[in-house]
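Dear colleague,

A summary of the findings follows it.

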Amino acid sequence: MSEITAEQVAHLANLARIALTEEEIAHLTTELGHIMQAVEKVGEVATPDVPPTSHPIPLQNVFRADVVGDDVLTAEQAVAGAPAADGSRFVVSAILGEEQ
Amino acid sequence: MARAALMDFDKALELFEPVIGLEVHVELNTTTKMFSSAPNPANSAFHDAAPNTLITPVCLGLPGSLPVVNAQAIRSSISLGLALGCEIAASSRFARKNYFYPDLAKNYQISQYDEPIAFEGSVEVELENGRVFQVSIERAHMEEDAGKLTHVGGSTGRIQGAEYSLVDYNRAGVPLVEIVTRPIFGAEADAPALARAYVSTIRDIAISLGISEARMERGNLRCDANVSLRPRGQEKLGTRTETKNVNSFRSIERAVRYEIQRQAAILADGGSITQETRHWHEDTGTTSAGRPKSDADDYRYFPEPDLLPVVPSAELIEELRAALPEAPAARRRRLKAEWGFSDDEFQIVANSGMLNELAETVAAGATPAAARKWWTGEIARLANAADRDATTLVSPAHVAELAALVEAGTLTDRLARQVLEGVVAGEGSPQQIVDARGLAVVSDDGALIAAIDQALASQPDVLEKIRDGKVQAAGAVIGAVMKAMQGKADAARVRELVLERATAE
Amino acid sequence: MSDLIRLTAAELGERIASGDVSSVEATRAHLDRIAAVDGAVHAFLHVDTEGALSAAADVDRRRAAGEAFGPLAGVPIAVKDVLVTEGMPSTAGSRILEGWIPPYDATPVRLVREAGMIPLGKTNMDEFAMGSSTEHSAYGPTHNPWDLDRIPGGSGGGSAASVAAFEAPLALGSDTGGSIRQPAHVTGTVGVKPTYGAVSRYGSIALASSLDQIGPVTRTVLDAALLQDVIAGHDPHDSTSIPEAWPSMADAVRRADVAGVRIGVVKQLDSDGVQAGVRSRFHEALALLERNGAEIVEIDAPSFEHAIAAYYLILPAEASSNLAKFDSVRFGLRVTPEGGGTVEQVMAATREAGFGPEVKRRIILGTYALSAGYYDAYYGSAQKVRTLVQRDFDAAFAKVDVLATPTAPTTAFKLGEKLDDPLSMYLNDVATIPANLAGVPGISLPAGLAPEDGLPVGIQFLAPARQDARLYNVGGALERLLEAEWGAPLLSRAPDLSSHEMAAAEEGAI
């Protein structure tokens with residue numbers, strides 16, 4: 001199961017939206033193989049009778065009242081940290097390429 | 001884009017059985033968003049806000065920000081689940097659905113995956129032709145809406161050819177309940193109409209609960225329609241497509257019909273259906289291929305670590321169940337029985353969208369027959385002529401008042417129509433208009449007898465005929481009297497008096 | 001060196017409260033120290049000289065006007081760059097957030113400000129807290145004040161080094177798998193990871209949401225307790241925040257006494273894998289506690305062996321999702337490929353350029369662990385191991401009041417030594433990770449110097465969830481006993497950085 005191929009790493013990089021270079025993909029393929037070998041023994045002790053734990057401290061029904069908070073930002077504040085904005089909206093490149 | 005070949009609908013139904021599945025998103029009208037205390041644009045108080053003004057650090061997914069669940073959104077979701085006949089999960093939880101898109105501030109959507117808040121329900125849906133379906137609900141789960149992209153450049157404002165896009169996150173985080181049906185079999189030629197009627201029923205339920213404005217044109221209610229065909233006699237389901245961007249009730253019906261015809265043409269031609277998302281185009285009445293489903297749709301769901309399980313108490317569920325309004329289908333059945341309408345009579349009312357007005361008119365004292373007569377008759381005619389919604393023309397209370405004036409003999413039908421026009425023109429209540437225009441029926445026999453005697457005297461030949469037993473000749477005299485009274489007389493009383501005066505002498 | 005910077009936070013707070021020293025004087029003394037030594041230590045990514053002096057003047061003014069403050073009012077504090085600060089850059093050690101100024105304060109930052117404390121600036125860290133050496137910072141490593149060629153631990157090496165180098169009396173840190181405790185171990189300081197949910201995570205740039213916890217980085221156990229008393233408490237902005245009120249940790253330190261306390265030694269973490277000097281100091285400390293009335297019990301925690309494996313699945317999985325928001329749209333870096341590109345290509349190019357190798361490694365690993373077909377085997381199994389680790393803790397705490405382990409297997413290693421060997425770097429966290437998986441609190445405090453290399457060694461105590469006060473009791477008692485033996489705090493034996501002051505000044509680095 002820990003056999004990881006370069007194609008897989010390239011696919012994961014695409015899912016994670018990172019434009020990895022060929023060198024990085026080659027390097028990560030080797031490293032991930034080693035790391036997965038070290039970590040996949042979790043499967044040995046994780047028998048079906050053991051329930052998973054997603055939260056270390058069990059709490060439930062944590063809700064807030066349906067009331068507008070005091071942390072509402074202005075549009076200027078909202079876009080202040082953006083790489084590109086038109087004053088009140090964020091500007092991004094075209095969603096589709098020319099061929100699409 | 002080449003126009004797809006379509007098969008004739010009846011022919012398609014001969015060869016294939018349509019199977020549909022519907023996913024409806026309902027935007028809740030809570031004051032604040034699902035996981036943030038920012039104002040909710042799906043609440044009428046915050047419609048049409050300027051871009052990025054309904055925003056907290058949570059809506060922008062700013063580093064360090066954390067979601068907290070809106071208690072009212074939970075209540076609304078449970079109410080909706082109960083109204084759909086669902087089980088409410090003893091424990092449900094949120095999960096992250098991971099994918100990158102610029103309208104998704106965190107590049108994951110907080111949704112529910114393996115533990116939705118409501119599941120296993122059933123909704124009764126009645127078509128315009130009176131056919132009733134029981135639609136099974138697989139699940140209803142809570143999630144957050146995404147922001148809005150505006151595509152700039154290119155010629156059409158569409159995503160294709162745009163040079164860049166603008167992002168407004170006001171809608172990001174609006175609470176949604178997604179309701180998913182099980183595959184619906186057996187609708188056959190009614191499949192398109194059923195899809196429409198189902199979404200319409202969901203709207204009625206949401207409105208009766210008061211949990212959503214449920215306006216399709218505003219995007220409060222959105223429908224994705226899954227359609228697949230299987231050849232007659234085949235057990236295995238066909239490959240389905242999912243049509244998105246269907247923004248009106250009429251479009252739902254058209255889109256399902258279109259997909260049935262399109263898929264039938266492909267299958268009959270020996271082709272195969274691609275499992276894909278398709279987009280509905282209102283202007284052309286067609287669908288076009290979106291992204292094919294692929295392993296790129298690996299959403300890597302996992303339990304949302306920033307949020308905790310929702311474990312509603314039995315008390316809460318019972319409180320919300322007790323507060324549920326009557327289900328729309330049950331209410332229709334009850335009203336039909338109470339009003340004593342025939343199937344056809346009731347269907348006309350139900351399809352006219354004036355059921356609530358009728359009910360209120362009856363509640364205000366009118367007989368069901370009178371209420372039906374006014375709403376589906378004169379009021380509908382006026383609305384049609386003015387190209388307006390009948391329910392905006394006149395209030396049920398005024399209609400009831402009008403009907404009472406007719407019942408009491410104060411107004412004839414003809415006079416009542418004049419009064420109604422006055423009400424629609426905003427001149428006041430029916431009684432006020434009667435008083436102001438002096439439209440009441442003349443019930444003083446003395447004035448009538450004087451007019452009758454004058455008419456009989458000027459038409460001696462008619463008087464002769466009546467005396468000879470040709471009672472129908474009286475019509476000419478009655479007409480003359482009504483004209484003399486400017487219509488403000490009860491024709492039946494005039495007739496009685498005419499016969500009386502003619503034979504008395 | 002000014003005497004003011006040698007004072008503990010508690011002492012400095014008292015001097016300020018008595019009117020003996022002003023907050024401005026205390027703040028200026030620390031800013032001077034930063035100017036003198038940080039060129040060599042590089043604990044800070046950003047120093048807010050103006051903001052700190054003005055905040056200090058404000059506290060002085062309000063105090064003069066009769067306003068009542070808590071014990072740490074007027075005391076300067078360093079803030080790990082993982083916490084967002086309104087008006088101060090917040091990068092989490094990453095190029096992708098360079099220059100971003102948040103529009104809001106993290107809850108712990110707001111609380112220290114409200115307590116009258118003076119944020120000096122932001123401290124260096126491994127990028128997004130991924131690392132055990134602070135070498136993965138995009139802005140260059142921090143150096144261990146005990147030996148500038150060695151790592152200060154990580155990810156919170158900046159906060160620990162700032163405190164060890166007397167640049168700040170105390171600091172805020174974050175601990176996902178040991179990022180507060182392991183730096184404390186290698187810098188001869190005190191670090192506490194409170195119970196998960198004790199301190200709000202609101203405004204802490206998330207690494208692994210179910211593991212992250214904010215906590216104190218100090219030179220004494222009392223200072224840590226005073227700081228935890230300031231930052232702990234329910235926050236409605238963090239759903240995982242514990243709603244109940246907390247007892248005073250400072251009181252627990254002041255009343256510290258180990259007589260009758262049962263201390264469990266985890267067999268699995270007391271092995272040959274631990275450096276000899278680290279192990280010997282650990283056992284000497286236990287012996288000292290035993291001589292003072294504590295009972296030492298051996299504890300078996302078999303699942304701890306799998307903790308690292310589970311951790312290195314859960315952490316990357318959650319991180320891969322948490323770090324998806326860094327996409328060039330709303331904040332931070334944007335890199336456009338040559339000749340332009342679609343938004344998808346811009347996102348991918350930005351993340352390629354903005355993330356360092358360790359961050360990419362873990363994002364890819366986490367994406368893998370969550371992807372279709374692998375979830376059950378990896379992420380799902382890791383969550384089950386988490387249950388097993390919790391059960392081991394439950395069984396242990398049925399027998400003992402606290403657990404004790406060496407904080408980390410070795411003393412500070414050389415900068416660059418493990419940079420190309422991620423697996424061996426990950427092993428540094430073997431003793432600290434179980435607490436994060438189970439949500440229980442842990443403290444690391446100085447146990448002495450390893451004889452073989454003269455470098456600091458820490459000892460870790462772990463307590464049941466919500467029983468943070470037990471750590472302060474045992475930690476406070478051990479600190480007092482050890483300092484009585486040593487005759488002075490361990491840090492008094494740290495090298496004097498004034499020679500670096502000179503060198504740095506000559507190089508024009510100040």
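**Helix H15 of chain B**

Just after H15(B), Gln486(B) takes a positive phi of about 55°; helices are DSSP runs of H or I with at least four residues, strands are runs of E with at least two, and both are numbered from the N terminus. This is a predicted model, in which local features need pLDDT of at least 70 and side-chain atom pairs count only at pLDDT 80 or more, while totals for chains, interfaces and linings use all residues. Residues are numbered from 1 along each chain as its sequence is written, and chains are lettered from A and ligands numbered from 1 in the order in which they are written.

H15(B) spans residues 474–484, and its buried residues are Val477(B), Ala480(B) and Val481(B) (buried: 20 or more other C-beta atoms within 10 Å of the residue's own, with C-beta atoms placed from the backbone). They cover an arc of only 100° around the axis, which puts them on the same side of H15(B); the arc is that of the directions from the helix axis to the C-beta atoms. These buried residues pack against helices H13 (445–458), H14 (460–467) and H16 (491–504) of chain B.

**Contact of chains A and B**

The contact takes 32 residues from chain A and 38 residues from chain B (in contact: C-beta atoms, placed from the backbone, within 7 Å). On the side of chain A that touches chain B, strand E1 (63–64), helix H4 (75–79) and strand E2 (90–93) each give two or more residues. E2(A) gives the most, with 4 residues.

Terms used. Buried ≥ 20, exposed ≤ 12 C-beta atoms within 10 Å, placed from the backbone. Contact = placed C-beta atoms within 7 Å.
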